[in-house]
Amino acid sequence: MTTPNDVPHRLFLSIGRLSRALRQAGAPGPGHGAISAMATLDVHGPLRLGDLALKEGVAAATMSRIVATLVESGFVAREPDPIDRRAWLAELTDEGRRTLHDVQSVRIRELCARIDRLSDDRRAALEAALPALEALLDEESDPT
């Protein structure tokens, strides 16, 4: 049973609320799932739909809907897979890359403003916690 004082419970609520607050900062743009998919394409380059879905941790049908919307908006292009002409790759367009970077910039500025309002001690604690938070994202992380 979780209580409001449990670290996992508090962390779950804090991360979710902070994420939502950052998404609401600035001009409206593509939704969270779309921005996440665009960021993955920006880092990894063109990907097959199934590979993109796997990296994003969503079903292929969900990713298909996200990519279709991104293609319609001009943020992603579909290109033939050079290895298998029956398949296609999703690739971030220049407009998609600009939009992604604009959205990330606004959200990072908002996060910086929030961090700047913290006391020096809390900023230092946040910085010290970063390796542990990053390790939570790595399923094969070193337990040290």
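Of the 144 residues in the protein chain, 24% are buried, a class that means under 20% relative accessible area, with exposed set at over 50% and partly exposed in between (1.4 Å probe, protein chains only). This is a predicted model, in which local features need pLDDT of at least 70 and side-chain atom pairs count only at pLDDT 80 or more, while totals for chains, interfaces and linings use all residues. Residues are numbered from 1 along each chain as its sequence is written, and side-chain values use heavy atoms, with hydrogens and water left out.

**Overall architecture**

- The accessible surface of the protein chain is about 10200 Å², and carbon and sulfur atoms hold 55% of that area, as computed by the Shrake-Rupley method with a 1.4 Å probe, where for residues only the protein chains shown count as cover.
- The protein chain contains 6 helices and 3 strands, which are DSSP runs numbered from the N terminus (H or I and at least four residues for helices, E and at least two for strands).
- In sequence order these elements follow the pattern α-α-β-α-α-β-β-α-α, and the C-alpha trace spans about 55 × 35 × 25 Å along its principal axes.
- Among contacts with a separation of 6 or more, 44% join residues 24 or more positions apart, where contact means heavy atoms within 4.5 Å.

**Helix H1 and its end**

- Helix H1, residues 7-24, has 18 residues and reaches 26 Å from its first C-alpha to its last, close to the 26 Å expected at 1.5 Å a residue, the expected span being 1.5 Å times one less than the number of residues.
- Just after H1, Gly-26 adopts a positive phi of about 80°.

**Packing against helix H4**

- The axes of helix H2 (residues 32-44) and helix H4 (residues 60-73) come within 10 Å and cross at roughly 85°, where axes are lines fitted to C-alpha atoms, for helices over the stretch in contact, and angles run from 0 to 180 degrees between N-to-C directions.
- H2 is therefore roughly perpendicular to H4, on a scale where under 35 degrees is roughly parallel, over 145 roughly antiparallel, 65 to 115 roughly perpendicular and the rest oblique.
- Gly-33, Ala-34, Ala-37 and Met-38 of H2 meet Met-63, Ile-66 and Leu-70 of H4, and these residues divide into 6 nonpolar, 1 polar and no charged.
- Those classes take Ala, Val, Leu, Ile, Met, Phe, Trp, Tyr, Cys and Pro as nonpolar, Asp, Glu, Lys and Arg as charged, and the others, Gly among them, as polar.
- Helix H3 (residues 49-56) also packs on H4, their axes coming within 9 Å and crossing at roughly 105°, so that H3 is roughly perpendicular to H4.
- This contact involves Leu-49, Leu-52, Ala-53 and Glu-56 of H3 with Ala-60, Met-63, Ser-64 and Val-67 of H4, comprising 6 nonpolar, 1 polar and 1 charged residues.

**Individual residues**

- Asp-81, in the loop between strand S2 (76-80) and strand S3 (88-92), is buried at a relative accessible area of 5%.
- Leaving aside neighbours within four places in sequence, Asp-81 is in contact with Arg-48, Ala-87, Trp-88 and Leu-89.
- Glu-110 lies in helix H5 and is partly exposed at 23% relative accessibility, and it touches Leu-22 and Ala-25, not counting residues up to four places away in sequence.
- Ser-105 lies in helix H5 (residues 94-116) and counts as partly exposed at 31% relative accessibility.
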